[in-house]
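Here are a few friendly notes to read alongside the structure. Please keep it open and find each residue as you go.

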Amino acid sequence: MPTRASRRRRGAVTVALLSGIIALVTVLQLRSQAEVQRSLAGQDDVGLAFLIDDLHRANDQLEAEAANLTVQRDRLKSGSGQTDAALQDERIRLRLIEGLDAAHGPGVVITADAPLSALDLQDGVNNLRLGGAEEIAVNDRRVVTGSSIEQRNGEIAIDDVLVSGPWTIQAIGDPTRLAEAAGSMTRQLQTSNRVRSATYRFEPDLQIRATVAPRPYVYGSP
């Protein structure tokens with residue numbers, strides 16, 4: 001444990017160092033001022049006028065450069081915000097396309113009580129996509145680009161999950177085009193003897209809550 005005497009010695013050394021630093025700074029400042037005074041004293045009036053003019057020009061250039069840097073900073077800040085917002089919008093859009101998030105918007109709901117096959121469902125999904133559908137779900141199973149609809153021993157599997165009728169197909173997208181596509185599909189279904197019922201309705205804010213589990217990214221690398 002340090003004694004009182006050692007603490008006093010350390011304090012004295014610290015004070016001495018600080019005093020030396022202050023003296024050095026004072027000497028340097030005085031020398032600098034003296035050098036400036038000597039350089040100005042050796043100049044005539046014309047030389048001093050040129051020096052003052054050069055200083056004014058240098059100050060004007062510095063102010064102009066500072067203004068330009070401020071403008072660039074503000075532009076970058078503004079651009080960064082717009083870029084961040086655009087990236088965020090793109091992220092949301094991609095997550096919806098991949099079926100990772102729930103979606104809502106204007107759309108149609110088609111209901112059909114019929115022994116549909118996997119090929120029937122594939123045709124229906126394709127027709128809705130051609131009709132402007134952006135989000136689709138079949139019997140609460142989200143269907144996205146890359147989803148598989150397969151026939152398996154008389155049953156239908158959507159992305160390896162078995163589903164069966166009666167069928168409810170939800171589609172969000174352009175209201176006019178989707179209504180035309182849904183009307184055409186239900187009319188075709190109603191003409192078939194094996195279809196017990198087929199209807200559709202429009203909803204201004206259709207909710208599709210079904211999502212797709214993210215697939216692991218295995219083979220690709222950045």
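**Notes on the salt bridges**

1. Let's begin with Arg152, which has a relative accessible area of 31% and is therefore partly exposed. Keep in mind as you look that this is a predicted model.

2. Which residue does Arg152 meet in a salt bridge? The partner is Glu150, and the N to O distance between the two side chains is 2.9 Å. Glu150 has a relative accessibility of 33%, so Glu150 counts as partly exposed too.

3. This pair belongs to a network: salt bridges with shared partners link Asp160 with Glu150 and Arg152.

4. Next, please find Arg95 and Asp101. A salt bridge connects Arg95 to Asp101, and 2.8 Å separates their closest N and O atoms. Why is Arg95 called partly exposed? Its relative accessibility is 26%, and partly exposed covers the range between the buried limit of under 20% and the exposed limit of over 50%. Asp101, at 25% relative accessibility, is partly exposed as well.

5. Now turn to Arg142 and Glu135, whose side chains form a salt bridge with an N to O distance of 2.8 Å. Are these two residues buried or exposed? Arg142 and Glu135 are both buried.

6. How many salt bridges does the model have when a nitrogen to oxygen cut-off of 4 Å is used? The count is seven, including the Arg95 and Asp101 pair and the Arg142 and Glu135 pair.

Terms used. Residues are numbered from 1 along each chain as its sequence is written. This is a predicted model: local features need pLDDT of at least 70, side-chain atom pairs count only at pLDDT 80 or more; totals for chains, interfaces and linings use all residues. Side-chain values use heavy atoms; hydrogens and water are left out. Buried means under 20% relative accessible area, exposed over 50%, partly exposed in between (1.4 Å probe, protein chains only).
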